[in-house]
Amino acid sequence: MSLFVIPVVVAKELEALRARFFWGGTESTRKIAWVKWANVLASMEKGGLNLGSLVSFNLALVMKWRWRFVHGDQLWVSIIRSIYGVQGGCSPWARVVGAVSKLYSKGVVDHNALRRKLGDGKQIHFWSDCWLGRLPLKIEYPRLAALEEDVDCRVADRWSRGGWRWHWRQHITGGVTAAQLEELNHRLLEVNCVDERDTWVWDLADDGLFSVAVTRNWIDDKVLPVGGHNTRWFKIVPRKHLPTRELLTLRGIFIHTVACPMCGLEDETLMHVFGRCEVVEVLWRRVFSWMGISPMLVGNPHSMFEWVDNSSVNGNKKKVMETIVYAVYWYVWRYRNDVVHESEQIRKSELFDFIREVSYVWFFNRQKKVGANWINWLEDPLNTWSRSGIKDQKLKQEKVGPLGLGGGSGEKEF
Ligand SMILES: [Zn+2]
């Protein structure tokens, strides 16, 4: 377990290495900007691939030391305390304390994330620990704390025979102080000391126990930017067509570096599966030629969508291109899974036909069928509506369609 906080420069260097490895890149591939890599690291909900950053991993591990420290009856805790003091003095421990404080002060982790759970009250400081609500009571009720006889007292010291007992330095008669006392008494009505040890709760985890994974995700979610490309999966393609579970397993590719199941020749990276694999390359060539675009080398999905965005065709053509690109990724991914699971639902030879069909259905579902014409689509997808005049479009649409879908039931599942 790491007791050391990675310096920012080192973290960046390491992330750059990860990024290069992730994209299956070599020295010659174009450099991925730090910010874009951060997008990849982010969670699925934020449009990333949930890889998690090294910084958050490191901080979560450091946080775990903090968690173990507060649990403190182990020998090492008393040694650290006696040598360095609680704040750590000048030691690795000070860096741990520093890193944790920074997470608090930047609002990444709530002060109260690590809070006391009351047992017998023998370890919890009544006024200075977080145990009732979000803040220490001395901050919530400064006037009362000022009148307390022993501000370092434990909770157990103020609990006696089933009730709360106060020890004030002077009698509280009225005004703001009395109002504070009344409020505090009210909050304490439901609170009892019980016959078990005081414990700690890590509020970020459902079970209250510290988890590196949960903490890491939490930090990443607060720190990493909202990403872009993965959310695009949901923009055009009807959601119900998408097996979210399968999309989620996308991350699995990068975690296990195994040979590509489709060709068995190279490592299975994002770039390879969706672009450079010979099976996929042949497919892209056919798709480009169908769209009437000169073939190009396809990289990862992100750069592909960037290319669509930056292409100089008009809005509708761009939407068609985008839909077709989605369809390619969609079917390549399904095909790849078929190969992995040996289910053989899709054959390699059918991929191109499936892509033409599903992109037609997706596109014209969204366009409310204006200009839908299957034959035109097969011949020249980017110019389908300009070729089918609005007048005869309705007629044609009823007569022809892929797999008999042209008649209207575009919602049908493939
Ligand atoms: Zn391959």
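Which residue just after α14 takes a positive phi? That would be Glu342, at about 50 degrees; some notes on α14 and other parts of the model follow.

1. Ground rules. This is a predicted model, where local features need pLDDT of at least 70, side-chain atom pairs count only at pLDDT 80 or more, and totals for chains, interfaces and linings use all residues. Residues are numbered from 1 along each chain as its sequence is written.

2. Overall picture. The protein has 18 helices and 4 strands, taken as DSSP runs (helices are H or I with at least four residues, strands are E with at least two) and numbered from the N terminus. Of its 414 residues, 27% count as buried. For burial, the count is of other C-beta atoms, placed from the backbone, within 10 Å of a residue's own: 20 or more is buried, 12 or fewer is exposed, and in between is partly exposed. Among contacts with a separation of 6 or more, 63% join residues 24 or more positions apart. A contact here is two residues with C-beta atoms, placed from the backbone, within 7 Å.

3. Helix α14 itself. With 27 residues, α14 reaches 39 Å from its first C-alpha to its last, close to the 39 Å expected at 1.5 Å a residue. The expected span is 1.5 Å times one less than the number of residues.

4. α12 against α14. Helix α12 (residues 278-291) packs on helix α14 (residues 315-341) at an angle of about 155 degrees, the axes being 12 Å apart. Axes are lines fitted to C-alpha atoms, for helices over the stretch in contact, with angles from 0 to 180 degrees between N-to-C directions. The two helices are therefore roughly antiparallel to each other; the classes are roughly parallel under 35 degrees, roughly antiparallel over 145, roughly perpendicular from 65 to 115, and oblique for the rest. The crossing of α12 and α14 is right-handed, the term for a near helix turned clockwise from the far one by less than a right angle (anticlockwise is left-handed). On the α12 side the contact uses Val280, Leu283, Trp284, Val287 and Met291, and α14 brings Met321, Ile324, Val328 and Val332. By class, that contact has 9 nonpolar residues, no polar and no charged. Nonpolar covers Ala, Val, Leu, Ile, Met, Phe, Trp, Tyr, Cys and Pro; charged covers Asp, Glu, Lys and Arg; the others, Gly among them, are polar.

5. α13 against α14. Helix α13 (residues 301-310) also packs on α14, at about 165 degrees and with the axes 10 Å apart. That angle makes α13 roughly antiparallel to α14, and the crossing is right-handed. Pro301, Met304, Phe305 and Val308 of α13 meet Lys318, Met321, Glu322, Val325 and Tyr329 of α14. The tally for this contact is 7 nonpolar, no polar and 2 charged residues.

6. α3 against α9. The axes of helix α3 (residues 54-70) and helix α9 (residues 212-223) come within 8 Å and cross at roughly 130 degrees. That makes α3 oblique to α9. α3 passes α9 in a right-handed crossing. From α3 the contact takes in Ser56, Phe57, Leu59, Ala60, Leu61, Met63 and Lys64, and from α9 it has Val212, Thr215, Arg216, Ile219, Asp220 and Val223. They divide into 8 nonpolar, 2 polar and 3 charged.

7. Around β3. Arg161 sits in the loop between β2 (159-160) and β3, and has a positive phi of about 45 degrees although it is not a glycine. Most residues other than glycine have a negative phi. With 5 C-beta neighbours inside 10 Å, Arg161 counts as exposed. Gly163 lies in strand β3 (residues 163-164) and is exposed too, with 9 such neighbours. Its C-alpha is 8.8 Å from that of Leu189, 26 residues apart along the chain.

8. Thr199 is found in strand β4 and is partly exposed, with 15 C-beta neighbours inside 10 Å. Leaving out residues up to four places away in sequence, Thr199 touches Lys117 and Gly119. The C-alpha atoms of Thr199 and Gly119 are separated by 6.9 Å, though the two are 80 residues apart along the chain. Asp203 is in the loop between β4 (199-202) and α9, and its 12 C-beta neighbours inside 10 Å make it exposed.
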